[in-house]
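User: I'd like a close look at one part of this model, with the rest sketched in around it. Here it is.

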Protein chains: 2
Amino acid sequence: MAYELHYWPTIQGRGEFVRLALEEAGADYIDVARLAPAAGGGEEALARRLRQLSPAPFAPPFLVAGDLVVAQTANILLFLGEAHELSPREQAGRLLVNQLQLTVADLVGEAHDAHHPISSGLYYEDQNTEAAARAKSFREERIPKYLGYFERLLGGNDWLVGDALSYADLSVFQVVRGLQYAFPNAMAGLAPKISGILSLADRVTARPRIAAYLASPRRIAFNTQGIFRHYPELDAQP
Amino acid sequence: MAYELHYWPTIQGRGEFVRLALEEAGADYIDVARLAPAAGGGEEALARRLRQLSPAPFAPPFLVAGDLVVAQTANILLFLGEAHELSPREQAGRLLVNQLQLTVADLVGEAHDAHHPISSGLYYEDQNTEAAARAKSFREERIPKYLGYFERLLGGNDWLVGDALSYADLSVFQVVRGLQYAFPNAMAGLAPKISGILSLADRVTARPRIAAYLASPRRIAFNTQGIFRHYPELDAQP
């Protein structure tokens with residue numbers, strides 16, 4: 001039985017953390033909203049499904065696994081991590097992976113608010129002055145704090161938790177690539193201080209299933225509709 | 001063996017969700033940072049402990065349970081929920097409680113940013129113009145969306161998941177009380193549409209251990225250093 005992933009079809013967004021876990025696991029899944037409308041795809045069908053499900057998720061992404069409906073990115077990953085050995089079996093390691101995923105989630109929320117500091121209901125162009133101030137703080141204080149944290153935690157190891165890849169590694173890869181897309185100058189400046197997690201991101205990129213996924217049309221390109229957005233005026237100036 | 005809770009000692013903040021779970025469980029715990037400095041309390045000792053732990057948490061709150069160090073509020077609650085029957089034993093219910101807690105966490109993040117939309121490193125007074133705009137969107141769009149979601153999910157039931165209290169109920173109680181403190185006018189206006197979760201909050205208030213906790217000096221009062229802050233200019237005007 002294939003999993004059904006339900007997420008906005010034109011962006012990586014929060015759904016991408018789930019896609020990466022499904023791809024690394026080699027799991028059979030359907031990215032439902034990316035199907036043709038006649039086959040149940042599209043944003044309208046997604047919004048309708050969100051209202052009709054019981055218990056309803058608050059927002060996409062959500063994963064349908066047989067009778068089970070699981071929402072909230074970190075919660076979906078907790079479920080997939082246990083089902084596909086993308087997290088340690090023992091309690092301490094499993095909790096630590098969840099803890100790191102929740103730290104990634106906090107960073108992702110701040111990455112979104114860097115371009116939407118006032119309201120997600122307004123266009124970027126209607127809050128770009130405030131975004132310039134928030135992005136400065138995000139670039140200069142928050143990105144170094146978060147990525148420096150993961151760098152220290154990684155130490156000289158190959159993976160963040162234990163001696164095997166977990167979904168926390170996939171998620172740190174995704175935020176590194178997202179921040180490199182959105183803030184190339186800031187990230188170039190920070191590179192010498194985060195060489196460990198840049199290598200980690202390269203190790204994830206080289207995983208056979210991830211490499212195949214990234215080269216496939218299933219990987220949506222970063223764009224200025226998603227969470228990580230490249231607006232040159234929000235980046236550090238070269 | 002008593003749990004050690006480590007959190008900023010003068011605010012409810014994110015630590016309060018953990019305190020409520022510990023209190024409802026009747027668990028033996030020490031709120032370490034609230035001890036006298038000579039006994040290991042205070043903010044300096046907390047910050048020092050945060051740096052010295054391995055693996056280090058990104059931020060407080062964190063819970064020490066014997067050899068285990070658990071951080072990130074929702075992750076601590078996942079751990080306590082299983083240990084103290086504050087979440088269902090079966091997978092679907094346990095995942096749903098975690099999902100709701102993560103939705104609460106998103107709301108809490110937005111409640112913080114309503115008064116700090118530009119940078120958590122600046123004072124409120126240095127971003128109060130932007131805060132007025134963000135708080136308007138938060139009051140008029142986001143609070144009704146989140147609380148309306150919990151209201152629909154609750155339906156005519158006593159508790160959010162299954163037929164017993166879970167930590168998701170404690171957390172929804174906490175955000176309701178926090179929002180009532182911070183935005184009394186907006187919440188009074190919304191009351192007719194969220195009568196179910198207002199009753200839920202009253203049921204939580206009436207739990208014997210919670211009632212005893214709320215009446216004790218262990219419950220820190222809401223204040224304008226925490227996540228939920230009452231700035232009259234950010235509330236709806238009467």
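Which residue is the bridge partner of Leu63(B) in E4(B)?

Analyst: The partner of Leu63(B) in E4(B) is Val70(B). Before going on, some ground rules: residues are numbered from 1 along each chain as its sequence is written, and chains are lettered from A and ligands numbered from 1 in the order in which they are written. This is a predicted model, where local features need pLDDT of at least 70, side-chain atom pairs count only at pLDDT 80 or more, and totals for chains, interfaces and linings use all residues.

Back to that pair. Strand E3 (residues 62-65) of chain B is joined to E4(B) by 4 bridges, and the two run antiparallel. Strands here are DSSP runs (E, at least two residues), helices likewise (H or I, at least four), numbered from the N terminus; two strands pair if DSSP finds at least two bridges between them. Zooming out, E3 and E4 belong to an open sheet of 4 strands in chain B, ordered E2-E1-E3-E4, with mixed pairing. At its edges sit strand E2 (29-31) and strand E4 (68-71) of chain B, each pairing on one side only. Ignoring direction, neighbouring strands of the sheet are turned by 20° against each other on average (axes are lines fitted to C-alpha atoms, for helices over the stretch in contact, and angles run from 0 to 180 degrees between N-to-C directions).

Now for how the chains meet. The contact takes 31 residues from chain A and 31 residues from chain B, where contact means C-beta atoms, placed from the backbone, within 7 Å. On the chain A side, the elements giving two or more residues are strand E4 (68-71), H3, helix H4 (91-115) and helix H5 (128-154) of chain A. H4(A) gives the largest share, 9 residues. By class, that side has 18 nonpolar, 9 polar and 4 charged residues (nonpolar is Ala, Val, Leu, Ile, Met, Phe, Trp, Tyr, Cys and Pro; charged is Asp, Glu, Lys and Arg; the others, Gly among them, are polar).

Chain A itself splits into domain 1 (3-83) and domain 2 (91-207), with bounds from an automatic or database domain assignment. Their C-alpha centres lie 22 Å apart, and 12 residues of domain 1 of chain A contact 12 residues of domain 2 of chain A. On the domain 1 side, H3(A) supplies the largest share, 6 residues.

As for confidence, chain A averages a pLDDT of 97, with 100% of the residues scoring at least 70; pLDDT is the predictor's confidence in each residue, from 0 to 100. The model scores ipTM 0.98 and pTM 0.98.

Definitions and conventions:
Contact = placed C-beta atoms within 7 Å.
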